[in-house]
Amino acid sequence: MSDVTVVQESRRIYLDKQSPAAYRALVHTADAVRATAAEAGLDRILVELINLRVSQINGCASCLDVHTRAALRAGETTRRLGVLPAWRDTELFTARERAALALAEATTDPADGRAQDRAYDAARAVLNDDEISGVIWVAITINAFNRVSILSRHPVRESGHAVRDAVPGPPAADATA
């Protein structure tokens, strides 16, 4: 590690540690979103696919580490996880999963209103209102945790466990939604 990297990393604070009350509020939000998603009928694998796709877009190594392990524990295959960045180009994802992934991507990058409208229309064709709401809330929540981890520069250690695994709640105990 270069001296420049050490200096840059030493200037970062762990937002979750610096402002624990705000982080706990985010964890409580994630708990509510997880319940909302389950009540809407979104299974754990779909929720983890959303968490992973959003984390891929945002480049959050810590959340990718946590949610890859969570997806595998939930029964997701390594094959589908490997092609998740190119989900549109495979037949490995169901229409429901495709709609949810498109909506999650539109939630993550909402600047393109037309793409957002297309994603929403596609979701309407296969998801009910509760499912659409659940997908959007899962995407919003993992986006928030991505920002916390990215701006804190939460590391992923060689052991495969994020430093924050000891912190209750998302993304550490795979609980984002």
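## The nonpolar core

The largest nonpolar core in this chain has 27 residues, and those with the most contacts inside it are Leu42, Ile50, Val135 and Phe145. Helices H3, H4 (44-58), H7 (95-108) and H9 each supply at least two residues of this core. Please keep in mind that you are looking at a predicted model.

There is also a second, separate core of 11 residues, with Leu49, Trp87, Leu101 and Ala119 among them. As general background, nonpolar side chains tend to be buried together in soluble globular proteins.

## A look at isoleucine 50

Isoleucine 50 is a handy place to start exploring, as one of the residues with the most contacts inside the largest core. Setting aside residues up to four places away in sequence, isoleucine 50 touches Ala100, Leu101, Ala104, Val135, Val138 and Ala139. Of these partners, Val135 is itself named among the residues with the most contacts in the largest core, while Leu101 is included in the second core.

## One aromatic pair

The model holds one aromatic pair. Its members are tyrosine 23 and phenylalanine 145, arranged edge-to-face, with 5.8 Å from centre to centre and 90° between the planes. Tyrosine 23 sits in helix H3 (residues 20-40) and phenylalanine 145 in helix H9 (residues 129-152), so the pair ties together parts that are 122 residues apart in sequence.

Are these two residues buried or exposed? Tyrosine 23 is buried, because its relative accessible area is 6% and the limit for buried is under 20%. Phenylalanine 145 counts as buried too, at 0% relative accessibility. You have already met phenylalanine 145 as Phe145, one of the residues with the most contacts inside the largest core.

## Isoleucine 136 on helix H9

Helix H9 is also the place of isoleucine 136. Which residues does isoleucine 136 contact, leaving aside its neighbours within four places in sequence? They are Leu103, Thr107 and Tyr120.

## The chain as a whole

Stepping back, the chain contains nine helices and zero strands. Of its 177 residues, 42% count as buried. The accessible surface comes to about 9000 Å², and carbon and sulfur atoms account for 54% of that area.

How many of the contacts between residues at least 6 apart in sequence join residues at least 24 apart? The share in this chain is 72%.

Methods:
Residues numbered from 1 in each chain as written. Predicted model: local features only at pLDDT ≥ 70, side-chain atom pairs only at ≥ 80, totals over all residues. Heavy atoms only, no water. Phe/Tyr/Trp six-rings, centres within 6.5 Å; stacked < 30°, edge-to-face > 60°. Helix = DSSP H or I, 4+ residues; strand = E, 2+ residues; numbered from the N terminus. Buried < 20%, exposed > 50% of the residue type's maximum accessible area, 1.4 Å probe, protein only. Core = buried A, V, L, I, M, F, W, Y, C linked by side-chain atoms within 4.5 Å. Contact = heavy atoms within 4.5 Å. Areas by Shrake-Rupley, 256 points an atom, 1.4 Å probe, with all protein chains shown as cover.
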